[in-house]
Amino acid sequence: MNSNETPRVQPDPNGPVGPVDSSLVPRYAGPATFARLPRLDEVGTADVAVVGVPFDTGVSYRPGARFGGNAIREASRLLRPYNPAQDASPFALAQVVDAGDVAANPFNINEAVETIEAAADGILGSGARMMTLGGDHTIALPLLRSVAKKHGPVALLHFDAHLDTWDTYFGAEYTHGTPFRRAVEEGILDTSALSHVGTRGPLYGKSDLTDDEKLGFGIVTSADVYRRGADEVADQLRQRIGDRPLYISIDIDCLDPAHAPGTGTPEAGGMTSRELLEILRGLASCNLVSADVVEVAPAYDHAEITAVAASHTAYELTTIMARQIAASRTA
């Protein structure tokens, strides 16, 4: 069966090409594109491009996130075309495709950062929004550089156990613990609308928090989410973001290791997957221009717990973007 004969979910024959129809082709069969969506080369254009960046040279503890994108794709076989939580069929509202992987040099971080930025420039320049599957958090910097070229300095929601605003590790300026300090220094973030969500655990010193505050970040800890609830947190974040162009960067270690064991730097006391998904759904009215989900390291996963959580996270983000694209066309 070639790609032109693959039975797909496509309620409107003149609309976007949807995922493979699981009532005709079992979920475990066929290529593992994200949510069993068509490849970019099968349809030619995209409103939302799901892109893998298999790069983890910037990690400081456990390696393995270079395999995260494909693990998320494999877990995403179980996703379905209608999202009841957002009352939307994202793949019918917009052309969502799997655009493959960015081949970044695993031996040279500086070169890899340049390669990722150039690849993002090409995708965003085509008019698509990006849903990026990492990879380690180093990749957020080149992605933000590219997004800022199109939208100017953007608001940032950073879901993570860690701040990722440290200055350096071992003298290296580009690591998974430094992307957002570099982004502030480069002027590509709107410092009036920056938030960490889900942070917790020990730090090197109190100066980590004061330095982070000076960069413009507000913090919603995982304990805050537990005590205040997802709805209140989402409302606070919406107010901080306003109508600014928004980039969401999600390190899967924002989740507790019970919900995401397959990651490089796990910390006890994290959010549940339910809390993360509910907060994201509460941000559906925000102007989400692109997003990433990073730090899935499948070698430490079991029963696809982490990959499943990541695939659903990417699905919610993709749904938000697809809804906004559809709304802009009817406005």
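Met131 stands opposite Ala291 in S8. The model is predicted: local features need pLDDT of at least 70, side-chain atom pairs count only at pLDDT 80 or more, and totals for chains, interfaces and linings use all residues. Residues are numbered from 1 along each chain as its sequence is written, and side-chain values use heavy atoms, with hydrogens and water left out.

**Exercise 1.** Find which strands pair with S8, and in which sense.

*Solution.* Helices (H or I, at least four residues) and strands (E, at least two) are DSSP runs, numbered from the N terminus. Two strands pair if DSSP finds at least two bridges between them. Strand S3 (residues 129-134) is joined to S8 by 4 bridges and runs parallel to S8. Strand S7 (residues 245-251) also pairs with S8 in the parallel sense, over 7 bridges; here Asp251 stands opposite Val294.

**Exercise 2.** Decide whether strand S8 is largely enclosed or open.

*Solution.* Buried means under 20% relative accessible area, exposed over 50%, and partly exposed in between (1.4 Å probe, protein chains only). In S8 (residues 287-294), 7 of the 8 residues are buried, so the strand is largely enclosed by the rest of the structure.

**Exercise 3.** Check the span of helix H5 (residues 140-151), then describe its burial.

*Solution.* The expected span is 1.5 Å times one less than the number of residues. For the 12 residues of H5 this gives 16 Å, and the end C-alpha atoms are 16 Å apart, which agrees. Of these residues, 9 are buried, among them Leu141, Arg145 and Val147. Gly152 follows H5 and has a positive phi, near 80 degrees.
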